[in-house]
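Hello,

Here is the structure I promised to pass on. Please open it first, then read my notes below.

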Amino acid sequence: MNNHTKNVLATIKYLVALGSEEKTTDYETLARRLGLPDTGSQLGRNISPILSDIFAWCQENDLPPLTSLVVRKSGTDKGLPGKGFWELYSVYEADVSTRKELLKYSHWAVFRFLKERTPIFMNFP
């Protein structure tokens, strides 16, 4: 298994654990947890492909977007996922208030789903 696949699986497990407790994380914390650079352009280059693959996997399997649990810790969009999430969600042009409403719904869907199914997901490889 290559490093990317290991990071994808580790991230899924981490997001499932967070979501089961109705918590979120930020990009830097996730990067540190995976042993990846946690600042600058390297952060995005390393984390984006992992989160993109997880987002696609969730869509392909009719799952709520686990990647919505990864949010920015500062800036005008603090508490919201970054640009890549909204591009994958096809709502990048939406204003911040619309994104906040979509995020509330996404979190609700993830939390509800995991509340009902966490034991199954915790056995994910």
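Start with helix H2 (27-34). Its buried residues are covered by elements that include H1, S1, H3 and S2. Contact here means heavy atoms within 4.5 Å. Helices (H or I, at least four residues) and strands (E, at least two) are DSSP runs, numbered from the N terminus.

Some ground rules. This is a predicted model: local features need pLDDT of at least 70, side-chain atom pairs count only at pLDDT 80 or more, and totals for chains, interfaces and linings use all residues. Residues are numbered from 1 along each chain as its sequence is written, and side-chain values use heavy atoms, with hydrogens and water left out.

**Helix H2**

Which residues of H2 are buried? They are Tyr27, Glu28, Leu30, Ala31 and Leu34. Buried means under 20% relative accessible area, exposed over 50%, and partly exposed in between (1.4 Å probe, protein chains only). Seen down the axis of H2, these residues fall within an arc of 160°, so they line one face of the helix. The arc is taken from the directions from the helix axis to the C-beta atoms.

Now the two ends. At the start of H2, a side-chain oxygen of Asp26 comes to within 3.1 Å of the backbone nitrogen of Glu28. After H2 comes Gly35, with a positive phi near 75°.

**Cores**

The largest nonpolar core has 25 residues. Such a core is a set of buried Ala, Val, Leu, Ile, Met, Phe, Trp, Tyr and Cys residues joined through side-chain atoms within 4.5 Å. Leu30, Ile47, Ile54 and Leu66 have the most contacts inside this core. H1, H2, H3 and H5 each give it two or more residues. A second, separate core has 5 residues, among them Phe85 and Trp86.

Leu30 touches Thr11, Tyr14, Thr25, Ile47, Leu51 and Val70, leaving aside residues up to four places away in sequence.

**Aromatic pairs**

There are 6 aromatic pairs. Rings of Phe, Tyr and Trp (its six-membered ring) pair if their centres lie within 6.5 Å; planes under 30 degrees apart count as stacked, over 60 as edge-to-face and the rest as tilted. Tyr105 and Trp108 form a tilted pair, 5.7 Å centre to centre with 35° between the planes. Ring pairs also link Phe55, Phe85, Trp86 and Tyr89 into a cluster.

**Two loop residues**

Glu22 has a positive phi near 55°. Its loop runs between H1 and S1. Asp62 also has a positive phi near 55°, and is exposed at 72% relative accessible area.

Best wishes

Definitions and conventions. Polar contact = N/O pair within 3.5 Å; in protein donor to acceptor, adjacent residues only side chain to side chain.
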